[in-house]
Amino acid sequence: MKSEGGHATVPVDLRLYGLLDVGVCGGDADHLARMAAEAAAGGCTLLQYREKTISNARETVARLRRIHAALQGTGVPLLMNDRIDLALAAGVEGVHLGQEDLHPADAKRLLPRGAIVGLTVKNAAQADELYRLPVDYACIGGVFSTTSKDNPDPPVGLDGLNRIVFRARLARGAGLPVGAIAGIDRSNAAATIGAGADGIALISALFGTGRDVEARARDLRGVIDGALAARGSA
C-alpha cells in the first residue's frame, strides 16, 4: 500500500490501542500476557509494550515473547516501545518511536518488510514533517493530563488535537491513521474521536486495575465505534 506521500505503508487499525506499561501494569510476564489476551478478546486492535527504564534486556525480551505468544491467533499486532533491537529479538510486529528515538527510515531499514513503525507527534510542526517520514501511523499527545507518563509539554486539548490532526492529514493524506494518547478514558473517548482521531491509546483506563480487562476493552470499543460511526468514519 502506498500513502499519498509515496511511502509504502502497513495497514494499522488504531481504534483501540492498549499500552502495557510496566510502570502501571507491573513486570510479571504471565500477568502481562493474560491482560494482553483479555484486551484482544475485548476488541483491542493494537498493543504496545512499554518499559522506559530497562535494566535487564533479557528479561524484557522474555516478557515480550510471553505476551506475543498469548496474542497468537488473535490478529492483534504487538509493538515494542523505542527499542528496535528488542523488537527484533522477540519477533514482534514492530515498534513505536518518539521524536528523539531512531529515525523512522532507519527503523524501516532494520526491521523486516511489513513491520509496523509508529511515531509520537506532539505539535503541528512535527505533523508537518510526516510527509517525508515512512511511518505507518502517528499518535498525537498528550491530549489531556496524565499520571502514566512524565510529560514536560502541556496537554494540547481537543482543539489542539484537531489542529494537529488537520496538519497530519495535509502532510500525508487521509490514508495515514492518526491516534491520540494521554489522559483518555471512557468519559472523553468519544470527544477525542470527534476531534479527528482515528483511535485512542490507553494505559490506565484499560489496564490500571489489572482486572476486568476484557470487559473494559469491549465497553471502550463500543464507545469508539459509535463515535466513528457518528463521524462517518466507521
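This is a predicted model: local features need pLDDT of at least 70, side-chain atom pairs count only at pLDDT 80 or more; totals for chains, interfaces and linings use all residues.
Asn 81 lies in strand S3, which covers residues 78-81, and it is one of the positions for which an unreviewed UniProt entry gives the feature "binding site".

Once its neighbours within four places in sequence are set aside, Asn 81 is in contact with Gln 48, Tyr 49, Arg 50, Lys 52 and His 96. With Gln 48 there is also a polar contact, made between the two side chains at 2.8 Å. The "binding site" feature in the UniProt entry includes Gln 48, Tyr 49, Arg 50 and Lys 52 as well.

## The barrel around S3

Eight strands, in the order S1-S2-S3-S4-S5-S6-S7-S8, close into a barrel with parallel pairing, and from one strand to the next the twist averages 25°. Helix H3 (residues 57-71) packs on this sheet, where it touches strands S1 (16-21), S2 (46-50) and S3, and its direction makes about 160° with that of S3.

Between S3 and strand S4 (residues 94-97), the parallel pairing runs over three bridges, and Asn 81 stands opposite His 96 of S4.

With a relative accessible area of 15%, Thr 120 is buried. Beyond its neighbours within four places in sequence, Thr 120 is in contact with His 96, Leu 97, Gly 98, Gln 99, Gln 126 and Cys 139.

Methods: Residues are numbered from 1 along each chain as its sequence is written. Side-chain values use heavy atoms; hydrogens and water are left out. UniProt positions are given in the numbering used here, feature names are shortened, and annotations may be inferred rather than shown by experiment. Helices (H or I, at least four residues) and strands (E, at least two) are DSSP runs, numbered from the N terminus. Contact means heavy atoms within 4.5 Å. A polar contact is a pair of N or O atoms within 3.5 Å; within protein, one must be able to donate a hydrogen and the other to accept it, and residues adjacent in sequence count only if both atoms are side-chain atoms. Buried means under 20% relative accessible area, exposed over 50%, partly exposed in between (1.4 Å probe, protein chains only). Two strands pair if DSSP finds at least two bridges between them. Axes are lines fitted to C-alpha atoms, for helices over the stretch in contact, and angles run from 0 to 180 degrees between N-to-C directions.
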